[in-house]
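Subject: Structure for you to look at

Hello,

Here is the structure I promised to hand over. Please open it first, then read my notes beside it.

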Amino acid sequence: MGVQRWAMGRSPWVLHFNTGSCNGCDIEVVATLTPRYDIERFGIFLKGSPRHADVLMVTGPITRQVKDRLIRVYEQMAEPKFVVAVGSCCISGGVFSNCGKGACYNVYAGLDSLLPVDAYVPGCPPKPEAIIDGITKLVKKIKEEK
Amino acid sequence: MSIFLEACRSLLKPKATLRYPLGGKDLLQIPDGYRGKMALKREACIGCTICEKDCPSSAITIITDQKGKRPVFYLDRCMFCGQCKESCPTKAISFTKDFENASYDRKTMEVR
Amino acid sequence: MDVISSTFQLFIFPGFLFFILLSFLFEWVDRKLYAAMQRRIGPLYTGPLGLLQPIADFIKLIKKEDLTPKYSDKKIFNSVPLLMCALMLTVMLILPVAGESGVISFTGDVIFAIAAMTLFCILIFLAGFSSMSPYPLLGAERAVLLLLGFEIPLMLSIAGCCIASGSIEVSAIVSWQASHGWNIFGPQLLGFAIFLVAIQAELERIPFDIPDAEQEIVAGWMTEYSGRKLALIRMARNLELVFMSALAATLYLGGPMGLAPHWAEGIAFPVYFLLKTVAILLILTIIRGIFARVRIDQMVAFAWRYLIPLSFLQVALTLIWRLI
Amino acid sequence: MSSSYERIFNLPLGPQHPALKEPVLLDLKVEGEHVVDVALDVSYNHRGMEKAAEYRTYVQDLYLIERICGICNIAHTLSFCQCVEGLHGKEIPERAKYLRVIAEELERIQSHLLWLGVAAHEIGFDTFFMYIWLDREISLDLMEEFAGNRITTSYNAIGGVKRDMTPEVANKMKKGMDKLEERVKFYKKVVLSERTVMKRTMGIGILRRDAAIQLNAVGPTLRASGVDMDARADDPYAAHSLVPFKVVTDDGCDAFSRIIVRLDETLESINMIRYCIEKLPPGPLLQRLPRRVPAGDFLTRVEAPRGELVHFLRADGSDKPYRYKVKTPTFSNLAPLREMLRSKGKYVVNVADVPVILASIDPCFSCTSRNEVVKSS
């Protein structure tokens, strides 16, 4: 469906989920809303309810305590849904996981071990421009696939 | 009331938005010291493996190529802290201004 | 011929299609101006200047999966969005767009409009109540509390208009204004201000967006809705926005009537209608931009302490003015 | 079933909630719109930070400790470096001390503006939020120029700082400070004149002076209750003994006076940065220290943007810490927070006030999470 794909790519509403991040990435995700970057140009809202959202934006290393909530929130979202992992901690556990010298006991090594991830935005924290870059790449993927 | 006046003034002022990524990339000013994606000067690298030992998130692994030992950087684990640059005895590691590293696949996120 | 023309009027212009498209346009104007006040751009890449953004949102939501929570009251939960849309589309028909009267016009249609507004609030309450989860419940409770605050000033300010023109029919109020001057230039100026404040509450916009305050109760009564039900709710709310600003234009700014040569009335009147409603919308958006959200108890206290005495005063003033 | 039982119901706020950018569970007991009691669960952020620090060398720990909190990362690395330098018993160069103060105060400006924006957002004042965050970009641009990254800066190093301040950056910084000062004064005017802001923040989240002292509040939360306490003044570190500044206090004891205190502190920080740039002494940046740290205990206090931050290091002579302990300002402010969130007598807390009160202590739960509740099933 051409129209559906067009509409989906033009208004991906984002749900921001913090899984134990240090706040750096969260602040940058919120900063993309602000006048300097204005993510609403792409038709993106930051939504509060998982029922309304299309894109789950996860920041931070996934702690054991928050894992169930993360999966529950993902399941509450309506299809079609996409997942973006923002920040190195979220992508792989970053500084917290598997340091070679003993893992952090409470952190999962990467979001893709729990949920299917559609785009990765590395950085610690990524610049708001980098997050916008990740989102435009995701939108390109939405338009080409599905 | 002061916010109302400010809002009216804002309507007249030019917008503060940088039109990144469409049509505004040249407007983006990234300062010289920015720590983006890293780059390795292969000629300078002596394969001492100090960067691997000092990396706080084990984002560096050492492989062997024709010239000997050399590091490979994994961006999915990298914290862009700059310790490898600090530790490098021959200044072979540097940071570029490239921040557009978003990708669909974790395996592609490495700097060789 | 008559059947074709009335079908055209009902479904295309100034009927359902016109109002639905207008509601999308209004959402766009609202978002753009709100963004401009904050030195942002707002929707930009969807269509020219982002004009198609609300339509893209609507299509996307229509195509999304439709979830119904397990513990909700399914009948009410599923029917509320449809009822909201139907209610708003019906009540839209009384708005005069191209002439003195709307598609339907009867004595007492002002009362019908007021009833529809209250009914909308009750539907909001049902939507929240049937979701059976804490945030929507709290939102529904707040919606009803809000109704207590603004409903009486809203009715009284409309009553002022009716008293001034001596009729409870929209077309009569419009034609009275065409001959006697706009209501806003009389003692209704106060009524106009009260009306604007009250519809800001009715529309649940800042400073009175208490039932769906994002920072407090997520999305309030809409929290559990998704997919096409959410699309319908959003459309109903946009239609309500159009309806309220059009009603303000009709009651206080003379409706679609204005100076035009007789042969050009068919084009000029809808243009006047659009200009006036958009002007009201701009005022509403600016109010939305420059205030913080008040608390529910502060809102109700404000309504009963200031708005209601003022609206009684306004009615009394109108009566005195009318008698003289 | 008694009627009072039915009237009270649970309203869970979080772990995913638009008012909180962090996963924290506030389990509110609500009677109508009034909050009767609250139970806090801050364990969602637990990452095993202190244990992880024991596995890593001091060089690596610097970056781990930085990620305790992204917003006050400079305060954390500063504490860590002070611990290590203290055990070595070495003084760092004078220039590095001044640069540390500049970095710290720039971070305070950034953090306070961020907080003010969040507070405006919590009361639904989105336009104000957008203005503040637009101006916060000035401080972030300066930070990027100064340290190489916007938020997580990696600026402090063991024995000094990593980067020098060039004259161009100093010039830009001065200009930026002028702009920021003008804007912060404007915000103060807005806060003092906007009626809806006052309505939502005055008389909300009251913490009396004696309660604040008893419950061990710290930082702006404490200073807004009229207690003059600031680690920068009481126990000067870096170059704080040389840089003049005023400890800002206010007697309002509510959320509104916390706004005022933070705005005044921002102005104070702007002046401190100006002074430091003016008086910046020449000299080296870094005092190289050996990788092995001599055995011993060390404890530092640093005034982070949110309040007093305490780091404790026990070293056993190897290149890894034996024990590392952090006590963050938000942890100290949790007990006062519970006090603020409970309705008592005439003091009534509405559900609508909860985000405002929570924001008023400037919570940072990623700093705080040190333990985890494991449910046995």
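A salt bridge here is a side-chain nitrogen of Lys or Arg within 4 Å of a carboxyl oxygen of Asp or Glu. Keep that rule at hand for what follows.

This is a predicted model, so local features need pLDDT of at least 70 and side-chain atom pairs count only at pLDDT 80 or more, while totals for chains, interfaces and linings use all residues. Residues are numbered from 1 along each chain as its sequence is written, chains are lettered from A and ligands numbered from 1 in the order in which they are written, and side-chain values use heavy atoms, with hydrogens and water left out.

**Chain D against chain B**

How many salt bridges are there between chain D and chain B? The count is one. B:Asp54 and D:Arg291 meet in a salt bridge through their side chains, at 2.7 Å from N to O. Side chains of opposite charge can pair when their charged atoms come close.

Now the interface as a whole. On chain D, 26 residues are in contact with 20 residues of chain B. Contact means heavy atoms within 4.5 Å. The buried area between chain D and chain B is about 2000 Å². Carbon and sulfur atoms give 48% of that area. Buried area is the accessible area (1.4 Å probe) that two parts lose on being put together, summed over both. D:Gln60, D:Tyr63 and D:Tyr131 supply 24% of the area that chain D buries against chain B. That is more than any other three residues.

Polar contacts come next. Such a contact is a pair of N or O atoms within 3.5 Å; within protein, one must be able to donate a hydrogen and the other to accept it, and residues adjacent in sequence count only if both atoms are side-chain atoms. Between chain D and chain B, 10 residue pairs are in polar contact, both residues at pLDDT 80 or more.

Which helices of chain D each supply at least two residues of the side that touches chain B? They are helix 3 (58-66), helix 6 (126-147) and helix 7 (167-193). Helices (H or I, at least four residues) and strands (E, at least two) are DSSP runs, numbered from the N terminus. Helix 6 of chain D gives the largest share of this side, six residues.

**Chain D against chain A**

Here 44 residues of chain D are in contact with 43 residues of chain A. Chain D and chain A bury about 3700 Å² between them. Of this, 59% is on carbon and sulfur atoms.

A:Glu28 forms a salt bridge with D:Arg150, and the closest N and O atoms are 2.8 Å apart. Seven residue pairs are in polar contact between chain D and chain A. The largest share of the side of chain D that touches chain A comes from helix 6 of chain D, with eight residues.

**Salt bridges within a chain**

The whole structure has 55 salt bridges over all chains. In chain B, the side chains of B:Asp76 and B:Arg106 meet in one, at 2.8 Å from N to O. The two residues are 30 residues apart, and the pair links distant parts of the chain. B:Asp76 counts as buried because its relative accessibility is 5%. Buried means under 20% relative accessible area, exposed over 50%, partly exposed in between (1.4 Å probe, protein chains only).

In chain D, D:Asp178 and D:Arg274 form a salt bridge, with the closest N and O atoms 2.8 Å apart. D:Asp178 lies in helix 7 and D:Arg274 in helix 12 (residues 255-279), so the pair ties together parts that are 96 residues apart in sequence. D:Asp178 is partly exposed, at 43% relative accessibility. D:Arg274 is partly exposed too, at 22%.

D:Glu265 and D:Arg223 also meet in a salt bridge, at 2.6 Å from N to O. Buried or exposed? D:Glu265 counts as buried, at 3% relative accessibility. D:Arg223 is buried as well, at 0%. Both belong to a network of salt bridges, along with residues including D:Glu104, D:Arg108 and D:Asp230.

Best wishes
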